[in-house]
Amino acid sequence: MATLVVVGAQWGDEGKGKVVHLLSEKADYIIRYQGGNNAGHTVVFNGQEFVLHLVPSGILEPGKKCIIGSGVVVDPQALVEEIRFLEGKGIKIEGRLFISDACHIILPYHRWMDQLRETQQGKRRIGTTRKGIGPAYADKVARVGIRMADFLSLRLFRELLERNLKEKAPLLRKVCKLSELRREILEKRKKQLPIIKDLVVDSAIMINRIVSQGRNVILESAQGTLLDVDYGSYPYVTSSNPVAGGACVGIGIGPTQIDRVLGVVKAYTTRVGEGPFPTELSNSIGKLLQEKGKEFGATTGRPRRCGWFDASIVRHAVRVNGLKSLVLTKLDVLDGIDPLKICVAYRYRGKLIREFPTGREIFKDCKPVYIELKGWKEKTKGIQKFNLLPQNAKRYLSKIESLVQAKVSIVSMGRSREETIVIDKDLIDFNF
Ligand code: IMP
């Protein structure tokens, strides 16, 4: 009986959806603690591919319950569409999905502001998903946000909406007619409310009860450590805290309630959006990783930038998340690539830097320092025992372990549950 946090240890898209889906077999509750519909979790279940943006992937597992925690920003329209999609696939939502009344909501003006800011920034743009995530979190911190509890009351919602439209009018007038925007928001709310209102709960009370009952709980992050607003490659980050510490704030439990933290890493590195990426490959190997790994954003469809495994950023993730165990995904994508490279440090203006630097001016000019390892020719997809992996694949994993100082507990070589090697069975059994 335990509480497990699952975090991304790179720039997102590490395969957390599959990992959470795998672990959810023995879990009772799956709870999402930050981000919004900027995320995209691709999961294969019963031979069907599901891309979920807001609802935790545990919803696909019959009988499991899912909660969207207070740290998540919820676009009511995106939520309604996802609920309809799931119900259309025969997945029951009622009594299984709950949403915190303290979640801040994303409204169309947040999306407009996201787009406007990105366009105005020109070359310095972040490359956001343009879903309004940053502006919604900015409103939350500026104390002008609208929460789920406010959304339920028409009187209060209207009042807060008016205040926001007034404040944002100088910007919004450039792109839309305010009267039409107001009408659209209110009309949509009327249709969204009946679908959402019964799902809204005081999640801090609910979650603390669940934890004290000794249930198995997964707290899942969206995005990854390097996209964390405090510990990522700022300013090229998202606006929330995907790191494990964000789980406490994003669902309302204390650190004493967390039993274990699991980091998910890809066997190589990818990144969507702008910003420095020292191990990026703009050659045929980068293209191969992109094509073989099907590296296209699940939310925006943008091609993901691909490169070698960067041990410095993963070591940073191990540090700031307190990771002891890792799940390494997409090992099969490296089959046939020889030699393989791992970045172990950076060179910056003639100096050797071992650790991920905070300074944006420094990181931007960091050049990777690589070690080379021999690749393997054999196909790893389908292998279900660690001992049956090619020798050089085992060497690759063990090198990563020693460089980042964390154990590889699960290896994944495909999207389905079966394409997995579980080294630490206690993880799957929630025995920790
Ligand atoms: P935002 O979260 O839409 O504001 O985007 C900020 C940065 O985070 C951009 O570089 C996005 O590409 C990136 N990002 C946001 N969500 C994801 C995700 O789920 N996977 C990978 N990158 C993401």
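Me: Are the faces of strand 2 (residues 29-32) buried or exposed?
Reply: In a regular strand the side chains alternate between the two faces of the sheet. In this predicted model, both faces of strand 2 are covered. Tyr29 and Ile31 lie on one side, Ile30 and Arg32 on the other, and all are buried. Buried means under 20% relative accessible area, with a 1.4 Å probe and protein chains only. Strands are DSSP runs of E, at least two residues, numbered from the N terminus.

Me: Which strands pair with strand 2?
Reply: Two strands pair if DSSP finds at least two bridges between them. Strand 5 (residues 65-68) pairs with strand 2 in the parallel sense, over four bridges. Strand 10 (residues 217-220) also runs parallel to strand 2, joined by four bridges. Take Ile30: its bridge partner in strand 5 is Cys66, and in strand 10 it stands opposite Ile218.

Me: Which residues come nearest to the ligand?
Reply: A residue counts as near if one of its heavy atoms lies within 4 Å. Of the 16 residues around the ligand, Asp13, Asn38, Thr129, Thr238 and Arg302 come nearest.

Me: What limits apply to the model?
Reply: Local features need pLDDT of at least 70, side-chain atom pairs count only at pLDDT 80 or more, and totals for chains, interfaces and linings use all residues. Residues are numbered from 1 along each chain as its sequence is written, and side-chain values use heavy atoms, leaving out hydrogens and water.

Key:
Buried < 20%, exposed > 50% of the residue type's maximum accessible area, 1.4 Å probe, protein only.
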